[in-house]
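Let's take a friendly walk through a protein chain together. Keep the picture in view as you read, and look up each place as it is named.

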Amino acid sequence: MHIAAQLVGLVVAVLLVTTLARRFDLPAPLCLVAVGVGLSFLPGVPDFPLQPELVLFGLLPPLLYATAIQTSLIDLRANRGSIALLSVGLVVFTTACVGVVTWLVIPGLPLAAGFALGAVVAPPDAVAASAVARRVGMPRKIVRLLEGESLINDAAALVALRTAIAGIAGTVSLGQVGGDFLLAAGGGIVVGGIVGWCACKLRGRLDDTVTDTALSLALPFIAYVPAEAIHGSGVLAVVVAGIWLGHASPRMQSGASRLASGINWQTIQFLLENAVFLLIGLQLRAILAEVGRSDLGAGTIVVVCAAILLATLGTRMLWMFLIGLSRRLFGLKAWRWSYTIVIGWAGMRGVVTLAAAFVLPPDTPERAILVFAAFVVVAGTLGIQGTTLPKLVRALKLPAPDPAEDALQEAALQHDMARAALRRLKEVRRPEDPEDVIERLRDRLTHRSDSAWEQLGRDSALEETPSAAYRRLRLEMLEAEREEFLAARKRGVADDEVLRRVLNRLDIEESMLDRAEEHPLEEGRELNTPAQTAGSCEHLDKAVDVDAETPEGCAECLVEGTTWVHLRLCLACGHVGCCDSSAGRHATAHFHDTRHPVMRSFEPGENWRWCFVDKTVG
């Protein structure tokens, strides 16, 4: 019973702290560590020993899997060189540098023990990096690189730690080190690939959402345990399986299964990653008790911890500058220096570091000091880097993800998907299919495509876009339906199974309503077509800007006395017309009347163009 009470207490504490952190715009990981430290010294608070097996076998696989299934395989391939330099090269560099510093500052410590601590503090934490990056609003290129690094570097660090521990006990040859690394990497990749392939085949045959979701919850452990059993890297096995399954998900899973699995994994990730930081703080009292039995004085311990923390921070910055400098010297493509600085400073450590410290054998020389130093590195990097990183990003004026650019990409993609759907509808429709059904399908596609375009533009003659009005009115109607449902349930006019099916349909429709959100642009910034979306054709290549005939608005709407949603400018004659979400659709009507092929957005801050002939954004 007391174990259940402790788990409930952990969950309640996590919910309270994260809610308050969001309310006051504070970094949740740092707040959870601080609260954990405070709780560890309160009388009556039970011990929560962070057993290495609990972290490495219980927490790490699901946390890595939750991140891996959301990681883009395309982005990993594009950044594989940079990720390898950070996840393997930097781990080895940090292990060596911090190991030597530890050996120098702790009297009589074997060099192998120093390397063991270097391996312990080498890997930045995937959870910490993602949590801070999301809060800061870093450029997505940096976020992808940090997440890719932190998915793989744990494997390299744990292999280095295993080698260093063997070195403490005796001698380790260079060949043995290389063999261990190849076995860990190769075994993890092979096992992960096999598990990923088998899971794809199996999940593609599952029609039951509950069974599919249950299998997804077991997959991290199915990949991790066999890999560790053959002395491979369980971390790599989980990452490979997760990335494979995430990439294959749109083909192998039904929409219902993807929604259920996604919500479940988001919930698991939220609870585990935040509980991890709380547990880190709760370890301090036990760590200090063990440090108190050391022969080193308090002053020496402070110097040791400060030196190791500075070495950990410094080696990452030094590595990033060495990489940037060497790539420039050899004429290779390199990150901007501002990106290099931010990546170098985004090296927060987390639960893997502390769990790895507890893996050190009991007979390790000065083990208590090494574990305490690892805790100082975790708390120090979260406190120093986690709190200063937002200011650094703002000081360097790094561009945050632009929601308006995202909206343009979404609108272009929705348009292309709608065209593909209409082509398929034309191919598969039968002569006996009712025309009103075909029209309803076309209207639904048009509405979804138009609602995506409506998210663009800062100014509009309408206070509310048509899609927003549709959503508001439909939500009111659904609310009335739900009230009638509750009244019917109270009267007992239908069986409970029927009631559940009806409520499920209401919930699904509510979740499918398009959410039209405003995405304001920064003042004075032009929204051009993103490179990922941009196309080209002979009409776009020849089009040049012209003066607007009616800069005050849509020519036809002004005459008719009607309103518009967004404005479009014909680049052949300067005609200003309203978009397809507007009642008149005068920009498209102008094209059909004149065959002028190219228009551009006439909204403030937007400069993207559209070819009516080739259906291309440019």
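Predicted model: local features only at pLDDT ≥ 70, side-chain atom pairs only at ≥ 80, totals over all residues.

Helices and strands here are runs assigned by DSSP, at least four residues long for a helix and at least two for a strand, and they are numbered from the N terminus.

**The whole chain**

The chain holds 24 helices and five strands. Its C-alpha atoms fill a box of roughly 90 × 70 × 45 Å, taken along the principal axes. Of the 618 residues, 46% count as buried. The accessible surface comes to about 30,500 Å², and 61% of that belongs to carbon and sulfur atoms. How many of the contacts between residues at least 6 apart in sequence join residues at least 24 apart? The share is 77%.

**Two loop residues with a positive phi**

Let's return to Glu366. Although Glu366 is not a glycine, it has a positive phi of about 55 degrees. Lys397 also has a positive phi of about 55 degrees and is not a glycine. Lys397 belongs to the loop between H17 and H18. Is Lys397 buried or exposed? Lys397 counts as exposed, because its relative accessibility is 72% and the cut-off for exposed is over 50%. Glu366, at a relative accessible area of 27%, is partly exposed.

In soluble globular proteins, nonpolar side chains tend to be buried together. In this chain, the largest nonpolar core has 115 residues, and Met138 and Ile280 touch the most other members. Helix H17 (residues 367-395) gives the most to this core, with 14 residues. Another core lies apart from it and has 13 residues, including Cys537, Leu540, Leu569 and Cys611.

**A covered helix**

Which residues of H6 are buried? They are Ala112, Ala113, Gly114, Ala116, Leu117, Gly118, Ala119, Val120 and Val121. Helix H6 (residues 111-121) is thus mostly covered, with nine of its eleven residues buried.

Start with Leu217, whose place is in helix H10 (residues 209-229). Leu217 is partly exposed, since its relative accessible area is 34%. Leaving aside neighbours within four places in sequence, Leu217 is in contact with Trp265 and Ile268. Leu217 and Asn264 are 47 residues apart in sequence, and their C-alpha atoms are 8.7 Å apart in space.

Next comes Gly137, in the loop between helix H7 (126-136) and helix H8 (140-169). Why does Gly137 count as buried? Its relative accessibility is 19%, and buried means under 20%, so Gly137 falls within the cut-off. Not counting residues up to four places away in sequence, Gly137 touches Ala400 and Pro401. Gly137 and Ala96 are 41 residues apart in sequence and 33 Å apart in space, C-alpha to C-alpha.

Arg474 is buried, with a relative accessible area of 13%. Not counting residues up to four places away in sequence, Arg474 touches Glu481, Glu509 and Leu513.

**Empty spaces**

Rolling a probe the size of a water molecule over the atoms shows where empty space is left. The count comes to five cavities of 30 Å³ or more.

| Space | Volume | Residues in the lining, by class |
|---|---|---|
| Largest cavity | about 60 Å³ | seven nonpolar, three polar, one charged |
| Second largest pocket | about 800 Å³ | 13 nonpolar, six polar, ten charged |

Among the residues that line the largest cavity are Arg568, Leu569, Cys570, His590 and Phe612. Strand S1 (567-570), helix H24 (586-594) and strand S3 (598-601) are the elements that give two or more residues to this lining. Leu569 is also one of the members of the core of 13 residues.

Which residues lie nearest the centre of the second largest pocket? They are His415, Ser449, Asp450, Asp580 and Lys615, out of 29 lining residues. The elements that give two or more residues to the lining of this pocket are helix H18 (403-428), helix H19 (435-454) and H24.

Note on methods. Residues numbered from 1 in each chain as written. Heavy atoms only, no water. 1 Å grid on protein atoms, 1.4 Å probe; cavity = no way out; pocket = protein on both sides within 12 Å on 5 of 7 lines; lining within 4 Å. Points joined across faces, edges and corners; volume = space filled by probe spheres on them. Nonpolar A, V, L, I, M, F, W, Y, C, P; charged D, E, K, R; others polar. Buried < 20%, exposed > 50% of the residue type's maximum accessible area, 1.4 Å probe, protein only. Contact = heavy atoms within 4.5 Å. Areas by Shrake-Rupley, 256 points an atom, 1.4 Å probe, with all protein chains shown as cover. Core = buried A, V, L, I, M, F, W, Y, C linked by side-chain atoms within 4.5 Å.
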